[in-house]
Structure formats: C-alpha cells, structure tokens
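The sequence and structure are shown first.

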Amino acid sequence: MTSSSCILLEVKRGVAHLRLNRPEKLNAINAEMVEELLIRCREIERSTARVVILSGEGKAFCAGGDIEAWSAAGAEAFGRHWVRDGHAVFDALARLRQPVIAVLDGHAFGGGLELAACADIRIAESRVRIGQPEAGIGIIPGWSGTQRAVRRFGAQVIRRMAIFGEVFSAEEALALGLVDCVVPDGEGRRAAEEAAERVLGRGSRATELTKMMINASEGEEFERIIESLGGSLAAGSQELGEGIAAFREKRPPNFGKENLEGEKR
C-alpha cells in the first residue's frame, strides 16, 4: 500500500481496510480507480481477511464517476468500457466472500451510492447526503444503480432519487433503508470496527456461506454460487480422490461400495 495509490488496502487482524484515496476530487471514480479497485478486490478475496471495511479519504465517501473521466469518451467507448468495466468491479466487490461494511463518512452520490450498495451494511455519519443526480446532467445510473440498488433498496426510493432528483439526509436514508445506522460525524470508522468485531466472533465458513445464500436469494451471482457450493461438496468426496488417483495411475476409477466405506462412517 502506498499513499500515491487511488485505492488503499491494509489487512490487519482479520479486517481488510479498503479506502478510496482521491480526496482532492471527493473520491470521484476515474478509470485508474476502476482498474485498481478490481485488483484490490482480488487481493481481498485471496487474503486472510474475514471482513472488509470500505471508506473514503477526505470530505466525501464518493462523489460518483468522475465527469472529466467519462465525458471525453464516445458513445461506443462509454458503453463498452466505462460502463462494463465499472460493472465488473462493482460485481467483484458485491460478491466478495467476506462481508463488506461501507462507512459513508461523507456524501455518496451516483456511483458512490452504487458503490455503497455493493456492501452488506452501510454506516452513515450524520452529515451525509445521498442521491442519484445522473439524469440532471443527461446520463443514466450506469453501475447498477437501477439494478442492484433496486434489489437492495426498493424501486420506489430509487425512483425518487434517480427520476425526481430527491437528495436524502442521513436520517432520511435510514428511514428509507438506504443505510443501516447513523452515527455522529467522525464516528463511522469506529462503528464499523465494532461491527467487524461482531463478524470476527462468528463462524468464518458459516458466515461466508450465509452471505452467498443471501446473495443468491437476491439474484446476485446465482449461477456461480450454485456451482461453488456443488463443487465444494464434490471436492470433499472420496470419489474425487479415487478419480484423481486412477487418472494418475492410468486405470479405470473404482467408485464401488468398498471404496466409499469411509464416507459412510
């Protein structure tokens, strides 16, 4: 992790601290951040971390997609790269095996809200404001603001922000289910660390499987979850050991009863 990175990552005591680090631009997301966030998600997935805390440096959680970054792209490049690359990154974050806690320690607009929607819970500081302003400049929410956000928050609250331009305070967001709790300014990370400790006190594998099944119920990565669970069961079977041994010994596998007695015990 270096201070020049757009996305900071530190893993300590089972917690991955993932921070947007472009405070001079209110953590508005540019192409470099998209690429780096995908790398960080892969690192987290393979790390020893059991829970993730996502936050932003400076005055904002995330002001959304950087207008200067995407407005120069033509229509084809915008749809083919900016939108699709962003989806790949946000999907990776939402589908991490670890629970993700988003600390809205500043405003979350547009892509910032879409980013927060990838988390399993959202902790907002009291000064935070939340909205989807894209239509106000003639563009649509492009990183699942009309899809994942609708599944997680409900269609009507998304209509109010994305179509009618409403901007919600932290307390209003709490009442609408956009965030899970509101804490005083400056207390967001402390509250997130307390929530992370609760996760660390629970069964690691059970927590991971529970998150996967909840995601599947929402239509999030259903196909991958089914095959992952099925693959885990198959990989733990003695049949696999026999099959691999037979392959290496260049003989037909013996999947008969005598070879599977250990499983019955």
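How much space lies in the largest cavity? The largest cavity holds about 60 Å³. The model is predicted, so local features need pLDDT of at least 70 and side-chain atom pairs count only at pLDDT 80 or more, whereas totals for chains, interfaces and linings use all residues. Residues are numbered from 1 along each chain as its sequence is written, and side-chain values use heavy atoms, with hydrogens and water left out.

**Cavities**

Two cavities of 30 Å³ or more are found in a search of the whole structure. A cavity is a set of points, on a 1 Å grid over the protein atoms alone, where a 1.4 Å probe fits but cannot get out; lining residues have an atom within 4 Å of a point. Volume is the space filled by probe spheres set on the points, which are joined across faces, edges and corners.

| Cavity | Volume | Lining residues |
|---|---|---|
| Largest | about 60 Å³ | Ala49, Arg50, Arg97, Gln98, Pro99, Val199, Ser204, Thr207, Glu208 |

Helix H9 (residues 204-217) gives the most to the lining of the largest cavity, with three residues. For the second largest cavity, helix H1 (residues 31-45) gives the most, also with three residues.

**Glutamine 132**

Glutamine 132 lies in the loop between strand S8 (129-131) and helix H5 (148-153). With a relative accessible area of 3%, glutamine 132 is buried (under 20%). Its side chain reaches the backbone oxygen of glycine 145 at 3.4 Å. Beyond neighbours within four places in sequence, glutamine 132 is in contact with Gly110, Leu113, Pro141, Gly145, Ile158, Met161 and Ala162; contact means heavy atoms within 4.5 Å.

**Whole protein**

The protein contains twelve helices and ten strands, taken as DSSP runs (H or I, at least four residues, for helices; E, at least two, for strands) numbered from the N terminus. Its C-alpha atoms fill a box of roughly 70 × 45 × 40 Å along the principal axes. Of the 265 residues, 43% are buried.

Key. 1 Å grid on protein atoms, 1.4 Å probe; cavity = no way out; pocket = protein on both sides within 12 Å on 5 of 7 lines; lining within 4 Å. Buried < 20%, exposed > 50% of the residue type's maximum accessible area, 1.4 Å probe, protein only. Polar contact = N/O pair within 3.5 Å; in protein donor to acceptor, adjacent residues only side chain to side chain.
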